[in-house]
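Me: Hi! I'd like to go through this model with you, starting with the ligand site. Could you take a look?

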Amino acid sequence: RTRERSIRSLMRERLPQDRLEILEEAGRLAESMSYQIYAVGGFVRDILLRRENLDVDLVVEGDGIAFARALARKLGGRVRAHKKFRTAVIVYTPPGEGENGKPLEEQKVDVATARLEYYEYPAALPTVELSSIKMDLFRRDFTVNALAVQLNPNDFGRLVDFFGAQRDIKERVIRVLHSLSFVEDPTRILRAIRFEQRFHFRIGKQTTRLIKNAIQLKLIDRLSGARLFNELKLMLREKDFLLDLLRMEEFDVLKAIYPAFAITQREETLLREIEKVLNWYALLYEPTAPRQWLLGLMGLTERFSDEDARGVATRLAMPPKDRREFLYLRKQCMAVLEQLNTWKYEDGSRSGLYFILEPLALEGILFIMARTRDEDLRKHISLHLTKLTHEELEITGEDLIAMGLEPGPHFSQILRAVLAAKLDGHAPTLLAELGYAERLVRQMRRGEAGALRNK
Ligand code: ATP
């Protein structure tokens with residue numbers, strides 16, 4: 001009975017017009033090629049949950065790559081095909097323009113092929129065509145992610161629910177499709193926790209047991225660092241990632257990833273502060289978003305020895321650039337925190353703090369903010385981020401040349417000194433900057449003259 005539910009009107013109500021049109025277009029096109037076509041996975045789940053999700057995943061019973069090429073032609077997009085997996089990604093720019101007359105952002109549609117031969121089933125199964133979507137869905141992680149909605153014109157909006165996904169969404173529970181699911185792919189342990197926390201669901205009883213079993217069997221050890229890192233990054237990108245981490249701790253998953261991982265009161269407090277700082281920063285609408293995974297990892301490894309920090313980077317097979325940045329940022333932050341231990345506000349502190357924080361990546365500055373308990377210091381770091389990093393001098397090297405100075409390394413010294421004066425409020429105007437620079441140039445000339453006399 002539930003299998004025949006149509007969510008056509010819900011889709012009309014929930015989806016932006018252009019998305020809906022693309023789905024309809026895909027349905028018509030597939031029909032003309034005699035293929036059955038479905039939207040699947042998180043996209044369907046989020047329609048039922050009434051959450052926004054613009055990542056469309058399509059599954060075609062037929063030649064997925066040929067279909068993707070044909071759809072891309074209609075949308076005026078390009079196709080990246082992966083022959084081996086019979087999947088393709090369509091990238092296209094929707095027609096029309098954004099608020100400021102710029103072209104709209106590129107969009108992606110993933111297309112996969114559902115074919116029974118993938119799954120090594122006996123060749124003589126009767127309903128090959130009909131069951132391939134079922135097989136595709138059966139490979140998925142959780143019932144709530146194993147929903148499909150048909151797009152062919154006559155069945156547009158027909159919900160395909162073989163595994164009780166609608167019931168589980170209603171009961172708000174995360175359930176695997178079969179008891180070997182975590183053996184097949186242990187990253188699903190992290191995924192279960194991530195979806196549970198994001199949707200405020202509960203991992204089902206049997207699924208909980210299977211997770212505990214998988215942990216006991218040390219299945220996490222079998223995971224490649226790259227897959228683990230990828231899944232951990234997705235987790236740390238969640239809005240309330242601390243809840244995910246606490247749940248991981250409860251299941252002993254953290255230890256299983258790296259033995260020194262633990263969330264004690266100390267980590268919990270720090271990670272909570274990190275979340276607060278991230279929320280605060282998000283409200284500033286700055287163009288660069290901080291890498292949440294980096295901050296999360298800094299929080300998780302705050303009390304680690306250098307050796308353990310390197311150990312984590314190795315276990316997660318972090319790409320060289322990420323590894324270098326993570327290890328270097330830790331060192332930098334320790335040093336800066338040490339330096340700031342005795343910090344107190346006085347004349348010259350603004351520029352002083354500016355030059356201390358300047359070498360740090362954004363994530364480092366946010367980490368320092370989360371780590372410090374000194375409210376005054378925190379305010380000044382926030383001033384640094386919101387205002388001082390955007391300060392620029394009005395004078396340039398040209399002005400120094402006009403003062404008769406030969407270009408050289410002392411140029412940047414002088415300009416930095418003028419910037420310090422400006423940050424501390426001693427050179428608020430262009431004229432004041434020039435006056436300050438002139439004084440420095442005169443001092444320098446005297447110094448140079450002295451140096452010449454000594455020769
Ligand atoms: P998100 O909202 O985080 O993007 P999503 O459900 O769209 O969630 P993706 O990681 O984009 O998640 O995966 C898309 C779909 O692919 C999932 O809905 C699920 O059906 C399937 N899937 C992804 N990873 C796995 C996995 N490890 N095992 C089984 N199925 C998976």
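**The ligand site**

Reply: Happy to! Helix H8 gives the most to the shell around the ligand, with six residues. Helices here are DSSP runs of H or I with at least four residues, and strands are E runs of at least two, numbered from the N terminus. This is a predicted model, where local features need pLDDT of at least 70 and side-chain atom pairs 80 or more, while totals for chains, interfaces and linings use all residues. Residues are numbered from 1 along each chain as its sequence is written, and side-chain values use heavy atoms, without hydrogens or water.

Me: Which helices each supply at least two residues of the shell?

Reply: Those are H3 (42–48) and H8 (187–199).

Me: And how many residues surround the ligand?

Reply: 15, the closest being Arg45, Arg140, Asp185, Arg188 and Arg198; a residue counts if one of its heavy atoms lies within 4 Å.

Me: Changing topic: how do S3 and S4 pair?

Reply: Strands S3 (residues 78–82) and S4 (residues 87–92) are antiparallel, with five bridges; pairing takes at least two DSSP bridges.

Me: Which residue in S4 is the bridge partner of His82?

Reply: Thr87. Four residues lie between the strands of this hairpin, and Arg86 has a positive phi near 55°.
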